[in-house]
Amino acid sequence: MVQALNLLRDQIDEVDQQLLDLLQQRIQLVHKVGEVKTQHGLPIYAPDREAAMLAKRRAEAENKGVPPALIEDVLRRVMRESYTSEKDSGFKTINPELGNIVVIGGRGQLGRLFVQMFTLSGYQVDVIGKEDWHKAPELFANAGLVLVSVPINLTETVIAQLGNLPENCVLADITSIKSAPLNKMLVVHKGPVVGLHPMFGPDVPSLAKQVIVYADGRGGEQYQWLLQQMGIWGARLHAVEAESHDKAMTLIQSLRHFTSFAYGMHLSQEDADLKLLLDLSSPIYRLELAMVGRLFAQSPDLYADIIMASDQSTAMIKRYHQHFGELVELVESKDRAGFIAAFERVSEWFGDYSEEFLKESRSLLQQANDSRRS
């Protein structure tokens, strides 16, 4: 039995080695694709091409008796690595006559990412930190883009100091609230203005498929090159009114981060045995716990700023607290019928999204379970 098993395992090892050789070959081809895309200014992410390729591979897998979901999982992971590799080839410069780009706060984590992306795109990028303001007049003199990347509580103060930019210079920020910074930029600067919000953290390996929200301020034609440049990076651009953005962020960011903070605080006050929780957890609870723990591995200043960003955020958190209290009363009174009725109302409100989220989460949970080491 042992001899037969070892023989089969040796054959599996040989197949694995062939897979490694093919992956190496694919990565080399991806590098060549990246060079062609750079030369012609093509985005690294082509959704139509990706969808068509996955559909074709799934059909071929089914014909070979291979589970279609398996080949899709493998290819999606390979493509994620491919997008990172393509970035190494750099990107076409959309606006070569721009002048220099100045990133205020470019030594911060997110600021550094944009410095890197603009540098890979062939622009002259200068960075201003709080110790560099004496250099600002010289750097601003030929600036084609000034990007503000500072903490939320400092954004408007910094913008207020930008009244002497060249008239054709694009002024933008990458803050997670938009109305107040955008209005401040419009008052201070008479040229093109756009508010940006990257919906990702600084640790992303590639901007492929990442969402960047933009809120128009003034001079859309003059900052169009910037949107095109970010599109080449692979980002998905989403236009939104500043007020609508800020309202949505009270749910997407402020409330979501607050509930994670509150749950983490509760676990610590209960002195929960995290190892035991992980040992006993289902994939979905492990993933939820990981998302809470992820919060506490990052900057408390950042999350304090996000959660306390606006009166809108505070009001949303207070309404959540009220609704939470009402549900506690439902549970405390052991009103099972009331609980089920409330559950069904929410289920009806979610509509078809419930089934869509159920299917989407299955894949995430399988990945979480696959990576489990204990």
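Which strands does helix H4 lie across, and at about what angle to E2 does H4 run? H4 lies across E1, E2, strand E3 (143-148), E5 and E6, and runs at about 165 degrees to E2. For such angles, axes are lines fitted to C-alpha atoms, for helices over the stretch in contact, and values run from 0 to 180 degrees between N-to-C directions.

This is a predicted model, in which local features need pLDDT of at least 70, side-chain atom pairs count only at pLDDT 80 or more, and totals for chains, interfaces and linings use all residues. Residues are numbered from 1 along each chain as its sequence is written, and side-chain values use heavy atoms, with hydrogens and water left out. Helices (H or I, at least four residues) and strands (E, at least two) are DSSP runs, numbered from the N terminus.

**Annotated span**

- The unreviewed UniProt entry lists residues 99-361 as "domain: Prephenate/arogenate dehydrogenase"; such annotations may be inferred rather than shown by experiment.
- The span 99-361 is 57% helix and 14% strand, and its end C-alpha atoms lie 46 Å apart.

**The sheet**

- Seven strands form an open sheet of mixed pairing, in the order E2-E1-E3-E4-E5-E6-E7; two strands pair if DSSP finds at least two bridges between them.
- E2 and strand E7 (236-239) are the edge strands, each pairing on one side only.
- From one strand to the next, the twist averages 25 degrees.
- Strand E1 (residues 100-104) pairs with strand E2 (residues 125-128) in the parallel sense over four bridges, and Val 103 has Val 127 in E2 as its bridge partner.
- E1, helix H4 (residues 109-120) and E2 make a right-handed β-α-β unit; right-handed means that, with the strands pointing away from the viewer, the path from the first strand over the helix to the second runs clockwise.

- Strand E5 (residues 193-198) is mostly covered, with six of its six residues buried (under 20% relative accessible area; exposed is over 50%, partly exposed in between, with a 1.4 Å probe and protein chains only).
- Val 193, Gly 195 and His 197 are buried on one side of E5, and Val 194, Leu 196 and Pro 198 on the other.
- Strand E4 (residues 170-173) and E5 run parallel, joined by three bridges, and Ala 172 stands opposite Val 194 in E5.
- The chain passes from E4 through helix H7 (residues 179-188) to E5 in a right-handed β-α-β crossover.
- E5 pairs with strand E6 (residues 211-218) in the antiparallel sense over six bridges, with His 197 opposite Val 213 in E6.
- E6 and E7 run parallel and are joined by four bridges; Val 213 stands opposite His 238 in E7.

- Leaving aside neighbours within four places in sequence, Leu 196 is in contact (heavy atoms within 4.5 Å) with residues including Leu 147, Ala 172, Val 213 and Met 230.

**Positive phi in two loops**

- Most residues other than glycine have a negative phi.
- Asp 271, in the loop between helix H9 (242-269) and helix H10 (274-280), has a positive phi of about 50 degrees although it is not a glycine; Asp 271 is exposed, with a relative accessible area of 66%.
- Lys 334, in the loop between helix H13 (311-332) and helix H14 (336-350), has a positive phi of about 55 degrees and counts as exposed at 74% relative accessibility.
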